[in-house]
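I opened the notebook with two things to look up. One is a single residue and its surroundings; the other is the way the chains meet.

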Protein chains: 2
Amino acid sequence: MRTLTVNLAERSYPIYIGSQLYTRDELFEEDLRSNKVVVVTNEVVAPLYLPALRARLQAKGVQCVEIVLPDGEGSKSWSTLNTIFDALLSNRCERKTPLIALGGGVIGDLTGFAAATYQRGVPFIQIPTTLLSQVDSAVGGKTAINHPMGKNMIGAFYQPQRVLADIDTLRTLPQRELAAGLAEVIKYGFIRDATFLTWLEDHIDPLNALEPESLAFAVERSCWNKAQVVGEDERETAGRALLNFGHTFGHAIEAGMGYGVWLHGEAVAAGMVMAARLSQKLGFITQHEVQRLVDILQRAKLPVAAPALGVERYLEYMGHDKKVQAGRVHFILLRSLGEAFMTNTYEEAALHEVLRTPDLLA
Amino acid sequence: MRTLTVNLAERSYPIYIGSQLYTRDELFEEDLRSNKVVVVTNEVVAPLYLPALRARLQAKGVQCVEIVLPDGEGSKSWSTLNTIFDALLSNRCERKTPLIALGGGVIGDLTGFAAATYQRGVPFIQIPTTLLSQVDSAVGGKTAINHPMGKNMIGAFYQPQRVLADIDTLRTLPQRELAAGLAEVIKYGFIRDATFLTWLEDHIDPLNALEPESLAFAVERSCWNKAQVVGEDERETAGRALLNFGHTFGHAIEAGMGYGVWLHGEAVAAGMVMAARLSQKLGFITQHEVQRLVDILQRAKLPVAAPALGVERYLEYMGHDKKVQAGRVHFILLRSLGEAFMTNTYEEAALHEVLRTPDLLA
């Protein structure tokens, strides 16, 4: 088992990465001091991992309240959040009752926001079961639900007590979702870790094949990168925004196609290509460097050509992005491979060219 | 103008207390760096104070987005919160757009929760216009909405950038609401400030008559007490709970009678009498000391006899109180006048006797 710490003063917490983490009682010890634990999960994950978790908790005499939600992004909604609150109140959950998120990013974001706001905050544990959530959404304390007018518009910064990333759960992951997770893994290489990028170019095939050692290293190195960034800028006033490389375009793709049509990681992959092309048009990186991004994403079986929504719709969707300040969209661009920066100073013409031809790759 | 600071490290903020605070540009300076400000208020407060605030903002070239909600506790709901989010998104409000709460506790709690969760947190300014909100809810960062199964069940700890308590606004306050505010003022005397209690016994008549010097002192001393407690225990793990003296019973009264029938401060007044009677039955204070509480509350024109909901219903409503830990209700009791403490160790019989005869005064 590998252990990392997210350093946030009194809100610091550990991330455990390994196999069969459920079997380790000590990882649950804190919760077991409570006589009741709430597990929030979905209909796909529940049959796979809930029985083992429930058995472990019940063996300790802990009541396990189970909230099983429909699968999919649609659950990141007001009404599902309210379903959770109703269940918490009906089961008389208290301020010290822990909420465990067992599932992917949707379950983690939603459960985290419920934990942040139920009785103004209850303990929260993440057990991410997808690669995307293990390397990204489960780390860093961003929680949210969607609003019809924008993704993740309502939420809170709320840190978990700890994160258990069990790589065994990735074996049951559909190929498309594995690839979507790899998009964020690859992102860390491009924005801040050139060494990792080279390692990824050498190990993308074993990762596709779920080779355990490669997988554990990729999860650990991704979490390490994210923990570093979050430790320096918990509330995204500056550096943390760099993690959104590809996301401004990606959110527009997701919104424009209708949430759920493209997976988040798929939209981020094509969005990173757009951001890299903008970086190239503005003279920061070469066409060859854009091609390196395209190549590794394609080897990871990710889409690299964004849909042609039209310039106006792209601008409209990006206008609601949280990175808008004083009316002008900020972009995360690449200064070089392994170094990202944020700017709102760019030629509109270059942006419009990228938006007009989002399916061009260089 | 009096100025106090709530000390919370990087979340510290000032409270300004005085007359005509609107006319002081410097109090708004930070917001005026934004080109847009959102004012959330209600239909009663808007005609009284919104025009002056709007004029001041517009004179500085700041766009003023106005959200005017129905008056009353009913607005602390999911649906009203969603109304605010819809307006923020429709007006393309960004992460740096400040939200100003102009009104009493309902507007402050609701707007604060919206500010805490819109795009995971935007700047927030409190302009409390009732005595209750000036001395209590606007200070300390508790924000919330109600759930059909309990008051303030969904919320966040979220500190404002600053609080402007303008005592001129108290002149338009209905007598009943003034009294409701005095309940919380009197509470500070009983739980932690015996000197202030004596001062209040001497000045309750000028306070009833809105004499400005007495009023400003009472607001300042109340805020000082609250700021001290909150500074030591922001997230209510221990000491802050003492501020809830009378509130466990009070919340049960509010819920049992239907929210809005009793004002919060009225329910707290009768709840404090119940808590004092429980303290007396458990041997901590004398009957004479309970009588001092009853006397000053009556002089402040507050109800002191709680409704006979029945023991079962009281217990049921108190079971949903956030101060429940491990299934047992915690109470804030008086060890003496000026010193409160929290306990879950008490004779059930004494509690039941108080619940059975909630309208007895000693």
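This is a predicted model: local features need pLDDT of at least 70, side-chain atom pairs count only at pLDDT 80 or more; totals for chains, interfaces and linings use all residues.

My entries below start with the pairing of the chains and end with one glutamate.

Entry 1: I superposed chain A on chain B. A rotation of 180° does it, with 0.0 Å of shift along the axis and an RMSD of 0.0 Å. The two copies are therefore related as by a two-fold rotation axis.

**Entry 2: which surface.** I asked which surface the copies use to meet. Of the interface residues of chain A, 100% are also interface residues in chain B, so the copies meet through the same surface. Chain A brings 39 residues to the contact, and chain B brings 39 residues.

**Entry 3: area.** I looked up the area buried between chain A and chain B. It comes to about 3700 Å². Carbon and sulfur atoms give 51% of that area. I then checked which three residues of chain A supply more than any other three. They are A:W78, A:L89 and A:R120, with 22% of the area that chain A buries against chain B.

**Entry 4: polar links.** I went through the pairs across the interface of chain A and chain B. There are 15 residue pairs in polar contact, both partners at pLDDT 80 or more. I also found 4 salt bridges across this interface. One salt bridge joins the side chains of A:E236 and B:R95, at 3.2 Å from N to O.

**Entry 5: elements at the interface.** I listed the elements of chain A that each supply at least two residues to the side touching chain B. Among the helices are helix 3 (78-90), helix 4 (105-117) and helix 12 (311-319). Strand 7 (142-147), strand 8 (150-157) and strand 10 (324-325) are also on the list. Helix 3 of chain A gives the largest share, 7 residues. By type, the residues on this side of chain A divide into 16 nonpolar, 12 polar and 11 charged.

**Entry 6: A:E266.** I turned to one residue in helix 10 (residues 264-281) of chain A, namely A:E266. Is A:E266 buried or exposed? Its relative accessible area is 8%, which is under the 20% cut-off, so I log A:E266 as buried. I then looked for a polar partner. The side chain of A:E266 makes a polar contact with the side chain of A:R176, at 2.6 Å. Leaving out residues up to four places away in sequence, A:E266 touches A:R176, A:A180, A:L302 and A:P303.

Conventions. Residues are numbered from 1 along each chain as its sequence is written. Chains are lettered from A and ligands numbered from 1 in the order in which they are written. Side-chain values use heavy atoms; hydrogens and water are left out. Helices (H or I, at least four residues) and strands (E, at least two) are DSSP runs, numbered from the N terminus. Buried means under 20% relative accessible area, exposed over 50%, partly exposed in between (1.4 Å probe, protein chains only). A polar contact is a pair of N or O atoms within 3.5 Å; within protein, one must be able to donate a hydrogen and the other to accept it, and residues adjacent in sequence count only if both atoms are side-chain atoms. Contact means heavy atoms within 4.5 Å. Copies are superposed by least squares on the C-alpha atoms of residues with pLDDT of at least 70 in both. Buried area is the accessible area (1.4 Å probe) that two parts lose on being put together, summed over both. Ala, Val, Leu, Ile, Met, Phe, Trp, Tyr, Cys and Pro count as nonpolar, Asp, Glu, Lys and Arg as charged, and the others, Gly among them, as polar.
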